[in-house]
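User: I would like to learn how to read a few local features of a protein model, one at a time. Could you take me through them with the structure in view?

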Amino acid sequence: MSTLRSFRHRQGRAGALTKLLEELVEASSDFEGAVLVSDEGLVVAAVWPVRDQDDSDVGAVATRAFELSGRATESLDRGDLRRLILVGSKGNMIITRAGPSALCVALLKPVAKIGIASFEADRISARIAEVLD
């Protein structure tokens, strides 16, 4: 593939990933924003319609939390970690696997309906995995 065509392909894929995150955030008013990060914590795409958030901080914290929780599921023979839900007094976070080397991180309001938000995060993560494949 030529360099220009390769650049356009990456650019088109980045746009598709951002649109999927937008679709996730627009699925419910419970979502405050979403970030797609690599397993190393590098931000691939981000959407923050409600407030500014430091994408790098969200990515790094989510990656570390997922990594540590993954170790726990392995040590307890629970298989591969697919989703992590964190519930805090000021808001919630859902981290889902989006393919073999990426995580979709969604920040939610404290009153969010976790079940519905989790379903939407899983649905979008599966579509993100297809784009990244």
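**Reading strands, turns and side chains**

Analyst: Let us begin with a pair of facing residues: Val37 stands opposite Val43 in strand 2. Please keep in mind throughout that this is a predicted model.

User: How many bridges join strand 1 to strand 2, and in which direction do the strands run?

Analyst: Strand 1, residues 31–38, is joined to strand 2, residues 43–47, by 4 bridges, and the two run antiparallel. Together they form a hairpin with 4 residues between them, and Gly41, which lies in the turn, has a positive phi of about 90°.

User: What should I make of the phi of Asp77?

Analyst: The general idea is that most residues other than glycine have a negative phi. In this structure, Asp77 has a phi near 55°, which is a positive value in a residue other than glycine. Asp77 is placed in the loop between helix 2 (55–75) and strand 3 (83–88).

User: Is Asp77 buried or exposed?

Analyst: A residue counts as exposed when its relative accessible area is over 50%; Asp77 has 64%, and is therefore exposed.

User: And is Ser125 buried or exposed, and what does its side chain contact?

Analyst: Buried means under 20% relative accessible area, so Ser125, at 3%, is buried. Ser125 is found in helix 3, residues 114–132, and its side chain makes a polar contact with the side chain of Thr96 at 2.4 Å. Leaving aside neighbours within four places in sequence, Ser125 is in contact with Thr96, Arg97, Ala98 and Cys104.

Methods. Residues numbered from 1 in each chain as written. Predicted model: local features only at pLDDT ≥ 70, side-chain atom pairs only at ≥ 80, totals over all residues. Heavy atoms only, no water. Buried < 20%, exposed > 50% of the residue type's maximum accessible area, 1.4 Å probe, protein only. Polar contact = N/O pair within 3.5 Å; in protein donor to acceptor, adjacent residues only side chain to side chain. Contact = heavy atoms within 4.5 Å. Pairing = 2+ DSSP bridges.
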